[in-house]
Amino acid sequence: MQRFVYIQTFGCQMNVYDTERILQVLEPEEYAATDDPSRADLILLNSCTVREKAEMKMMSYLGSFAQLKEHNPDLLIGVAGCVAQQEGERLLKKVPLLDLVFGPDNIPELPGMVQRARENGERVSLTKLHKKKKGYEFMAGKPMVTGKPSTMVTVMKGCNKNCAFCIVPRVRGRELSKPCSEVVSEVERCVEAGIREVMLLGQNVNSYGHDRDDGILFPDLLDAVDAVEGLERLRFTTSHPWDCTDALIDRFANLKSLCEYFHLPVQSGSNPVLERMRRGYTFDEYVERADRIRSTVPGLHLTTDIIVGFPGETEEDFQRTIDLIHRVEYDGIYAFKYSERTGTKASQWEDDVPEAVKKERLARVFEAADIYRKQRLATYADQVVEVLVEGPAKASKPTQPQLSGRTRTNVVVNFPVGNAALGTWRWKGKLAQVRVKRVLQHSLYGEIELVQ
Ligand code: SAH
């Protein structure tokens, strides 16, 4: 019997990837994805707990399904992901309408859980994290069904870093790397399915392979993936500055598919704050890495993550973060107000920076970083850029069709296609040479010169 599953994904790319795995295990059970929750037999929320806001959003979303459940007693509702991993059984107690709670390592067990809930009316929680070094089997990923020409491939799970603010190690466990041969064959399958761009995924990809004994480290993995015939573009995320080696940076200069984009989270510019965060580097050490990246790969876009209002952050500490932004001239930043997470080291300290101060610092961080993003985008004016076409632009109208894609440096470029009858499907995954006519706040607008 054909059934329908509705999944809402919160949080990082890792969750987006896990959502695909969830769909994959449900497929043999004759579940098809739907984007209409009222049509679903199973509703799943793939949750994020990295900051309180994401968790609150998920919880209020969950409440909104109460009515559906009243109308359809057969409807099953479940929470997956990091809140599930953190809360387990407690979540079943807290939320009476919930039937299922399962962690990221329990995705393969989902069909059995659904069966128990359906047949015996059980409420099931499975949140067993794989903690051993051996015996973990990564699910053989199928190419994701996003319909985009780019996709993600997980190369490792977990994180061995001990950042004081971060919940990830608690909910995702220790680092476990996927064997290189499995990564390569997954990428090959993606390319065969028409994918042209792959993002290698892990909480800290730079430390890939340190848990294995085959001697293959992250730069070697990049070599192996770059060699996959037909792969046009390669990216990876996330990196920790601590393991950002020269060997890794040099790959940007040497590997054809590796795109000129590097996300290197710094979190703070203040040495005392970095130390309390247990990041393992100083302002100067980070800047040295950033300089090396910039001088090795001209034109590369360097982006970062910043936390403002970490416990004990003074105005002087915060000023060092602003100094760092001016020193590195980031091409883009993601910045967050510190959010206390139960179970982390920092949760033992008082969350003492007032909300109003956090808010103001966040605004100042964006203001400082904006200067450099704008400066950088301005350099694209009248240049011809290579765009991997993803599909219709958000602003596309039937009367004025527009396509959208990204440069190798990860900037969104929109451009009109003169003839609506061409249809967008023919363009998807094509490389277009686009001349930039207008530089906007966060994107570029241009005219197509050539399609390959
Ligand atoms: N492993 C990744 C982090 C993933 S979380 C890395 O090291 O980059 C993504 C970002 O969320 C982090 O880089 C950090 O800036 C932010 N973040 C994590 N925990 C947070 C917290 N407790 N409060 C506010 N922001 C946080």
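**Figure 1. Y61 and F10 in the predicted model.** At a relative accessibility of 28%, Y61 is classed as partly exposed. The model shown here and in the further views is a predicted one. F10, with a relative accessible area of 6%, is buried. The ring centres of F10 and Y61 are 5.8 Å apart and their planes stand at 80 degrees, so the pair is edge-to-face. Y61 belongs to helix α2, whereas F10 sits in the loop between β1 and α1 (13-26), so the pair ties together parts that are 51 residues apart in sequence.

**Figure 2. The aromatic pair of Y6 and F65.** The count of aromatic pairs in the model comes to 12. In one of them, Y6 and F65, the ring centres are separated by 6.3 Å and the planes by 70 degrees, so this pair is edge-to-face. Y6 is part of strand β1 (residues 3-9), and F65 is placed in the loop between α2 (52-63) and α3 (66-71). The two residues are 59 residues apart, and their pairing links distant parts of the chain. Both Y6 and F65 are buried. Together with F10 and Y61, the residues Y6 and F65 form one aromatic cluster.

Figure 3. For F165, a backbone N or O atom lies 3.0 Å from a nitrogen atom of the ligand. For S339, a backbone N or O atom likewise faces a ligand nitrogen atom, at 2.8 Å. The ligand taken alone exposes 540 Å², and the protein buries 91% of that area.

Figure 4. Helix α14 (residues 355-378) contains R376. Is R376 buried or exposed? With a relative accessibility of 19%, R376 counts as buried, because the class covers values under 20%. The side chain of R376 is joined to that of H301 by a polar contact of 3.1 Å. Leaving aside residues up to four places away in sequence, R376 touches R294, G299, L300, H301 and D331.

Figure 5. R123 is situated in the loop between α6 (110-120) and β6 (124-126). Its relative accessibility of 40% places R123 in the partly exposed class. Two backbone oxygens are approached by the side chain of R123: that of L92 at 2.7 Å, and that of L98, which lies 2.8 Å from a polar side-chain atom. Apart from residues up to four places away in sequence, R123 touches L92, V95, P96, L98 and D99. The C-alpha atom of R123 is separated by 9.6 Å from that of L76, a residue 47 residues apart from R123 along the chain.

Methods
Residues numbered from 1 in each chain as written. Heavy atoms only, no water. Polar contact = N/O pair within 3.5 Å; in protein donor to acceptor, adjacent residues only side chain to side chain. Areas by Shrake-Rupley, 256 points an atom, 1.4 Å probe, with all protein chains shown as cover. Helix = DSSP H or I, 4+ residues; strand = E, 2+ residues; numbered from the N terminus. Buried < 20%, exposed > 50% of the residue type's maximum accessible area, 1.4 Å probe, protein only. Contact = heavy atoms within 4.5 Å. Phe/Tyr/Trp six-rings, centres within 6.5 Å; stacked < 30°, edge-to-face > 60°.
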